Amino acid sequence: MPKPIITPKQVAPVKSKFRCIQTPIPPPESLPILESLYRDEPQSMRGQRPVIWERAEGFQVHDAWGNTWMDWSSGVLVANAGHGRREIAEAICAQANRALLHNYCFPSEIRARLVGRLAELAPDPLEKVFLLTTGSEATECAIKLARTHGRAVGGDRKIGIVSHEGAFHGRTLGAQMIGGIPALKEWIVNLDPDMVQVPFPDGFRCRDASFGLFLRSLEERGFGPDRIAGVITETYQGGSAAFMPREYAQELAAWCREHDIVLAMDEVQAGFGRTGTMWGFEHYGIVPDLVCCGKGITSGLPLSALIGRAGLMDQYPPGSMTSTHTGNPVCVAAALANLDIIVKEDLPGKAARVGAALHDGLRAIRERHAEVCGAAMGKGMVAGLHMVKPGGVEPDGALAASIVDRCVEKGLLMFYPVGLGSATVKIAPPLVTPEEAVREGLEVLEQAIKEAAR
Ligand SMILES: Cc1ncc(COP(=O)(O)O)c(C=O)c1O
């Protein structure tokens, strides 16, 4: 018998209102599936604890061997309206049964409804919507439109794209070049010299959270406003759940306006209620020029969008800014049903209310474990607990991973810290998670921290 690729670990059984763990992890019966994946997929797909999802409903994920996890991942920030929502599944089936699975860029009634709906949900002057498939496509398109505008108003010198250190905007070429995690883009070698990153003002690892630091950093790198076409920033950093100070964001928006620089907010994680408001940028009291959306826009199917001012969105002539699967009718049906749920159930409001309990709990945990827990960040239903080497601010990635492992073994599903060297335990439950379940999750998390830090 060949040695199994993973040795199932015996773990203590768990039976609570929301969780059930009754097999070793992973279950021995799941090994053939894992072996086939390991054989046929690139190893880069093995980044998480191998929980084989059979069914996911609401805020829970089930495998085929009787285990149930409470989900604190939302499948990496996708299932805002909850997993497997009946209304979304029915909308998908109804559209599929209408025998329209695809129509490229030819017009469709359902696409008209979705772009209209998104334009309505977005604040003025964001009035045009371009549907795409992945978040990376949306950020790539934002770069293109910002640079195109820069050249139009300032010539070939005004092409710089500024983003933040530590940022993640996707895995395609341009999206990686504006990303702020150097190790992820080493392979590109010839990085664009007009794409530059400045420190993210998280107030923890970057103590100076003033907008002055933004200006000084650009000056040090030889970038004046005449060389900059656009600034793109995540509303909060996905890797850490860190928000920028409100004043910083407001000064940034004013500075962009003053110098005819396009401000793009990457809301791929932050949009659709996640942070306790429909749009994450509402926390800053600003409206950007472009908004990149993805993930929670459908709570499940692949669809993304770029929303922006008409003057920017209309820069390209007919036929020159398209994508094969733009507005795929089935994905669009899912998005419409998802938006209905988010609005009707006031999921942004619910995320704010339940999120307040989550953050109170995390702050208390941080205080009780201050030696190893440097900071608790986030808003609404997204949070990051920053694990550190005792007493300092040096990230402790091994500790964060060990906490995630223990949570998974206790029936609380989380994903490993994102980004090389990151030590953030990221928390992102579906927005439909009841407060009682969040409280149970906090107890599990604290127990995992105690065991891992021992
Ligand atoms: C903030 C942010 N932007 C963009 C992306 C890329 O989205 P996708 O993986 O759909 O290309 C991600 C994905 O994690 C993200 O978190």
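Two strands are taken to pair if DSSP finds at least two bridges between them. By that criterion, strand 7 (residues 160-164) and strand 9 (residues 228-234) pair, because three bridges join them. The structure is a predicted model.

**Strand pairing**

- Strands of a sheet pair through backbone hydrogen bonds, in either a parallel or an antiparallel manner.
- Strand 7 and strand 9 run parallel, and I161 has G230 in strand 9 as its bridge partner.
- Strand 9 is also joined to strand 12 by five bridges, and these two strands run parallel.
- V231 stands opposite L263 of strand 12.
- Strand 12 and strand 13 (residues 290-293) are parallel as well, with three bridges between them.
- A264 stands opposite L290 of strand 13.

**Burial of strand 12**

- Strand 12 (residues 262-266) is mostly covered, with five of its five residues buried.
- V262, A264 and D266 point one way from the strand, whereas L263 and M265 point the other way.
- Both sets of residues are buried, that is, under 20% relative accessible area.

**Largest cavity**

- Rolling a probe the size of a water molecule over the atoms shows where empty space is left.
- The largest cavity holds about 50 Å³ of space.
- Its lining consists of A167, F168, G170, A175, Q176, G179, G180, I181, L184 and K185.
- By class, five of these lining residues are nonpolar, four are polar and one is charged.

**Second largest cavity**

- The second largest cavity contains about 40 Å³ of space.
- The residues that line this cavity are A142, I143, A146, I161, G230, V231, I232 and A264.
- Helix 5 (135-154) and strand 9 are the elements that give two or more residues to this lining.
- The lining of the second largest cavity divides into seven nonpolar residues, one polar residue and no charged residues.

How values were computed. Residues are numbered from 1 along each chain as its sequence is written. This is a predicted model: local features need pLDDT of at least 70, side-chain atom pairs count only at pLDDT 80 or more; totals for chains, interfaces and linings use all residues. Side-chain values use heavy atoms; hydrogens and water are left out. Helices (H or I, at least four residues) and strands (E, at least two) are DSSP runs, numbered from the N terminus. Buried means under 20% relative accessible area, exposed over 50%, partly exposed in between (1.4 Å probe, protein chains only). On a 1 Å grid over the protein atoms alone, a cavity is a set of points where a 1.4 Å probe fits but cannot get out, and a pocket is an open set with protein on both sides within 12 Å along at least five of seven lines; lining residues have an atom within 4 Å of a point. Grid points are joined across faces, edges and corners, and a volume is the space filled by probe spheres set on the points. Ala, Val, Leu, Ile, Met, Phe, Trp, Tyr, Cys and Pro count as nonpolar, Asp, Glu, Lys and Arg as charged, and the others, Gly among them, as polar.
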